[in-house]
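Please read the points below with the structure open beside them.

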Amino acid sequence: MRADRSHHQRRLSICDDKQAPKQRAPAVNGGGEGLHIAIIGSGSGAFAAAIRAAEAGARVSMIESGDVIGGTCVNVGCVPSKIQIRAAQLAQHQRLNPFEGLPNHAPAIERPRIAAQQHSRVEELRQAKYQKNLDDNPGINMIRGRARFEDAHTLHIELRGGGLERITADRVLIATGASPMIPPIPGLANTPYWTSDEAVFSDEAPEHLLVIGASVVAVEQAQAFCRLGSKVTILARSTLLSGEEPHLGAGLTDAFRAEGIDVREHTQAIAVRYESGQFVLETRDGPIRGDRLLIATGRAPNTRELGLEQIGLATDERGGVKVDEHLRTSVETIYATGDCTDLPQLVYVAAAGGTRAAVNMTGGEARLDLSAMPAVIFTEPQVATVGLDEGQARKRGIETETRKLALDHVPRALANFETRGFVKLVAEAGSHRLLGVQILAAEAGEMIQTAALAVHHGMSVEALGDLLFPYLVHVEALKLCAQTFTKDVEKLSCCAG
């Protein structure tokens, strides 16, 4: 096991008032060789940057203030939540399936054992993908502590074991991630509410879970808890997925209600209290009671304690660091990536940004292109998008032509008896160049990358419809929807080319 600090780094006691933290001299500039790069954070974006910078010959200091390395995705986000969601899906398939010859039955659900599997897999991946990379790479040095900017090159670090340290770097990458955002609802702070960080590992099934929120985390957790045995009520300030193509949220709402999830649209909690083991949410339509409350109203960038005001670094209204396509901030020597920025809060965007930031910090030239960025919400049916929806295209002054294909026209969906959902293609009028795709379907997440490639390469819907797709597969829905621009697919034979 490698040490957290290399031999040339010194620890100073905070008890010695007369001794200021020692400052190191800056490294030699020019290319990667000889550069000293400091990275604040240890998530996917941070590690992607550290590995690439070390490959370029830079000396990397990674600073982590938390108990574990790896960031949100592996520890409390993508990995444990997808395990939970998959377990919930299998439980639901036992409870209700479309095949007459497979009798439905109530699943036996042991939540503590599911939670144990989540913890085990999280620890396994954190070791394999993060700690091992750290151990095997002598060019990356881990410092455990909380960093704050003194100037554009200098970080002041309060070490976890006590003491202070000051490091000077040629370049700094901010990759501090985000934390659950808690709305200022009167009374909420005095209650034992959950965020997704706690909910995802819960080894209990609340009798009645209340969810405040209507975006990705809220809908994924709401359905998972419902399928694992809880009554669920979800409060949406507007509608589910209000930031997406409207048909996606409407279709998901219908699916949720069909499962028994109580979706309260245009409903807000104006006060919260906790009494006799129950949460009471006061709304304009009366009180709503439940024994657990999940707050899933988004995640706020972890930037407030970095001293960004000290160096005049520009942030947005949420505190997210503003970056350009090269991951540069408003301060020349400082870069940023991931959920702490104004980029989409997706782990693969953070990692891609980290890699490109490292290239640019070590003398290269790389840009992050998000024009064909796929996104997936892991409900059932899944929600997946790429490119522009109709409204976004309109705001850019682009005239569009669209087609929407219900899944009951897709052979694989018919064979699976899973016809809830649709595929929508958005094309530029005239040229029929594909601008964006929105999908609500059981396998939307597996379909969207084909759409992303088509958008990225500027394909026309005619070219997409003319491609060979295997039969029977869900992704054939893209071909069929593309063909509707010029044909009536109801009049085509199966797998018609």
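1. His326 sits in the loop that runs between helix H8 (308-311) and strand E16 (334-336); helices (H or I, at least four residues) and strands (E, at least two) are DSSP runs, numbered from the N terminus. With a relative accessibility of 10%, His326 counts as buried, where buried means under 20% relative accessible area, exposed over 50%, and partly exposed in between (1.4 Å probe, protein chains only). A polar atom of the His326 side chain lies 3.0 Å from the backbone oxygen of Ala366. Leaving out residues up to four places away in sequence, His326 touches Tyr335, Asn360, Glu365, Ala366 and Arg367; contact means heavy atoms within 4.5 Å.

2. All of this is a predicted model, in which local features need pLDDT of at least 70 and side-chain atom pairs count only at pLDDT 80 or more, while totals for chains, interfaces and linings use all residues. Residues are numbered from 1 along each chain as its sequence is written, and side-chain values use heavy atoms, with hydrogens and water left out.

3. Leu327 is in the loop between H8 and E16. Its phi is near 70°, a positive value in a residue other than glycine. Leu327 is buried, at a relative accessible area of 0%. His266 also has a positive phi, about 50°, although it is not a glycine. The loop holding His266 lies between strand E10 (262-264) and strand E11 (271-275), and His266 counts as exposed at 58% relative accessibility.

4. Asp339 is in the loop between E16 and helix H9 (347-361). Its contacts, not counting residues up to four places away in sequence, include Gly177, Ala178 and Pro301.

5. The largest nonpolar core has 59 residues, and Ile63, Phe149 and Ile174 have the most contacts inside it. Helix H1 (residues 44-55) gives the largest share of this core, six residues. A second, separate core of 32 residues includes Val386, Val423, Leu425 and Phe469. Such a core is a set of buried Ala, Val, Leu, Ile, Met, Phe, Trp, Tyr and Cys residues joined through side-chain atoms within 4.5 Å.

6. Helix H14 (residues 476-483) is mostly covered, with eight of its eight residues buried. Glu476, Lys479 and Gln483 are among them. The elements covering the buried residues of H14 include strand E19 (400-406), helix H11 (411-416) and helix H12 (444-456).

7. Two cis peptide bonds deserve a look. One joins Glu380 and Pro381, with omega about 0°; Pro381 lies in the loop between strand E17 (375-377) and strand E18 (382-387). The peptide bond from Tyr471 to Leu472 is cis too, with omega near 0°, and Leu472 is in the loop between H13 and H14.

8. The chain averages a pLDDT of 93, and 93% of the residues score at least 70; pLDDT is the predictor's confidence in each residue, from 0 to 100. Over residues 1-30 pLDDT stays under 50. Where pLDDT is low, the predicted coordinates should not be read in detail.

Notes: Polar contact = N/O pair within 3.5 Å; in protein donor to acceptor, adjacent residues only side chain to side chain.
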